[in-house]
Amino acid sequence: MQAITNQKSENALPAVVDKGSLTWVFEEVCKSLDVSIKSLKRYLEEALRSKGAVLAAENTVHLRVAKQNLHQISGVFDVVGINEIKLLVDAMDGAVQRYISKPQFCDESSVKLLERASFTVIEYLEYILAGKAYSSLSLFGTYADIKSLSSAERVHPTDLWERKIFDWLEPTLVDAIQKYNFSDETRIELDRYLLAFMQTSSKDAATSLCQLCLGLSETQTQLKARTFWKLCAGFFEAIAKDKLEVDLNVKRIASGIVVHYNSMSHGEWLFSDKFMLHLLFFCEQAIIDESDDAGTPLLSIIKQVWGLKMMNQLITKLIDMVILILQFWLKRVRELWLQKNCGQHYLAAIYKKYVLL
């Protein structure tokens, strides 16, 4: 094992948002979102009055107003520099664009999704303005729902992750139990362990894959190859120690590792920064703290080297986010009470949302 001092990633933290600029545009963003949602609801009302008939192109004016406002909001976030919110607003814009060309797809359920997305945008901005630490990953559920309205394009949580650049660092990890080279025997072992993992999410298979990847890292001569296999080892260690929930995205990464093995075994040293970011992302999502260093030695060092969050930081962010969401809904309930013409049914719906939160 080469003795290499662990460097720390210079891209460990997201860029700081200019809260001064955001303060100036916040009210206008809220108004534009309100106009967009109201325009969508007016379209639905007209569609209902037409007894479900497909509206003529000239009657999609309300949809075009909604799209225009969303497009303007996207431009604002581009200037302010909040990329994750811009992506969410762009997804909303894409959904409305689809409704302009195919009005029959604009229904009550999709408009409700878009309305909830507008609330999410406002909540997130208020969170930033409150000076709290924030995680763009909290937007992913909403982002995925909105993207499903406009396309079948696959979305991934890293689309909204603050980290956009992968640093090719090399962590110094513990020695492998056995060294591996690219060979038919190694490929047979890799396929056997991976098949067991894909079929049953076996922790034993993940442990074997962890050791195999670590063994491969010790026989590589290129830094990028060593870094790749070390990060793979940390990824499988997180699964083996039950620190990372196995889902479809995790299994896609595991399958991608085999693709990279095939390339490297044939002398093709092509490494995807995007794939490495996906690997790093799941290493961050693994829930560990300082007391887990002995149980997850690979993952602990990887988190330190790339500046990934530990469990206490993730929990603190979650608690702060929940508190701010509650404050947002309390504020909305208070505003609705003060409105003379507030309908009781609408107020009851808002109150139910607050109770659920």
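Guide: A salt bridge here is a side-chain nitrogen of Lys or Arg within 4 Å of a carboxyl oxygen of Asp or Glu. This is a predicted model, in which local features need pLDDT of at least 70 and side-chain atom pairs count only at pLDDT 80 or more, while totals for chains, interfaces and linings use all residues. Residues are numbered from 1 along each chain as its sequence is written, and side-chain values use heavy atoms, with hydrogens and water left out.

Visitor: How many salt bridges does the count come to?
Guide: By this rule, the count is 10 salt bridges.

Visitor: What do the side chains of Lys86 and Asp90 do?
Guide: They meet in a salt bridge, with 2.8 Å from N to O. Both residues lie in helix α3 (residues 83-101), 4 residues apart, which is about one turn of the helix. Helices are DSSP runs (H or I, at least four residues), numbered from the N terminus.

Visitor: Is Lys86 buried or exposed?
Guide: Lys86 counts as buried because its relative accessibility is 18%. Buried means under 20% relative accessible area, exposed over 50%, and partly exposed in between, with a 1.4 Å probe and protein chains only. Asp90, at 29%, counts as partly exposed.

Visitor: Which residue pairs with Arg226?
Guide: Glu170 does, through a salt bridge of 2.6 Å from N to O. This pair links distant parts of the chain, 56 residues apart: Arg226 is in helix α8, and Glu170 is in the loop between α5 and α6 (184-200). Salt bridges that share partners join Glu170, Arg226 and Lys230 into one network. Arg226 is buried at 9% relative accessibility, and Glu170 is buried at 6%.

Visitor: How many residues of α8 are buried?
Guide: Of its 18 residues, 16 are buried, so α8 is largely enclosed by the rest of the structure. Just after α8, Asp242 takes a positive phi of about 60°.

Visitor: New topic: how do α4 and α5 cross?
Guide: The axes of helix α4 (residues 108-129) and helix α5 (residues 140-150) come within 10 Å and cross at roughly 145°. Axes are lines fitted to C-alpha atoms, for helices over the stretch in contact, and angles run from 0 to 180 degrees between N-to-C directions.

Visitor: Which residues meet there?
Guide: Ser110, Leu113, Leu114, Ala117 and Thr120 in α4 meet Thr142, Asp145, Ile146 and Leu149 in α5, where contact means heavy atoms within 4.5 Å.

Key
Helices (H or I, at least four residues) and strands (E, at least two) are DSSP runs, numbered from the N terminus.
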